[in-house]
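Thanks for making the time this morning. I would like to walk through one model with you, taking a couple of positions in turn before stepping back to the whole chain.

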Amino acid sequence: MMRLRYLPLVLLLSACSAHTLTTIKTDLVPFIPQGSRSGETNTPGTQYVPSQAGQAIQLNLGDALKVLEGARIKIRVKLENTSSVDNTVSVVARIAPVSDSSNIFDGGNNTDCQTNDCLLGQGSLTLPAGSNNAIEIDVPITPTANLSALALLKSGQFRIGLSLQVSGSLRYTLEQGQLTVQARLFQLLNR
């Protein structure tokens, strides 16, 4: 009888090991001010979401950030061409340290995300007159892809933002901004 008493505990602990990868998903859209999540532009040019300074994000994941192994950022922007001609649209996602608070879109092709802003991903399409579509950006952040961005995520603080370059009238809505992080929490016991 004594053995059966500890069976649930044994089963629970056997499911967790040094190889267990814990996944935590965070919705980034609520961090963006509500008035900046959607909008309309009537002229060709660049629209920033939420602004050129981006949006500061604070991850409250505690010690899990120390054993972060990888992450993925997924962004989806819904587009509606409100003009009578085709509209060429490109969306650029950038990440930066919190200290880069004036313009996270001025770093060019910088690859050191810890000292300056850098490109996360981008997408573009041609939207026929009166039609709807979406641009999706899916960025893996691992030690072999975007290592500098991974180090920035491990700090727990960063800025993120989008720029939309359009050739005509357009309505846009930020539908998804999801950060998925993966960590081996069991490694915290070895520290």
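Which residues does Val98 touch, if we do not count those up to four places away in sequence? Please keep in mind, as we look, that this is a predicted model. Val98 touches Gln157, Phe158 and Arg159 once those sequence neighbours are set aside, and for one of these, Phe158, the C-alpha to C-alpha distance from Val98 is 4.8 Å although the two are 60 residues apart in sequence. As for its setting, Val98 sits in the loop that lies between strand E6 (87-96) and strand E7 (118-127). Val98 counts as partly exposed because its relative accessible area is 29%, which falls between the 20% and 50% cut-offs.

Let me turn to the second position. Ser36 is also placed in a loop, the one between strand E1 (22-27) and strand E2 (38-41), and it counts as buried because its relative accessibility is 17%, where buried means under 20%. Beyond its neighbours within four places in sequence, Ser36 is in contact with Val49, Pro50 and Tyr172.

Now for the whole chain. The protein has two helices and 10 strands, and, reading from the N terminus, the elements follow the order α-β-β-β-β-β-β-β-β-α-β-β. Of the contacts between residues at least 6 apart in sequence, 82% join residues at least 24 apart.

Definitions and conventions
Residues numbered from 1 in each chain as written. Predicted model: local features only at pLDDT ≥ 70, side-chain atom pairs only at ≥ 80, totals over all residues. Heavy atoms only, no water. Helix = DSSP H or I, 4+ residues; strand = E, 2+ residues; numbered from the N terminus. Buried < 20%, exposed > 50% of the residue type's maximum accessible area, 1.4 Å probe, protein only. Contact = heavy atoms within 4.5 Å.
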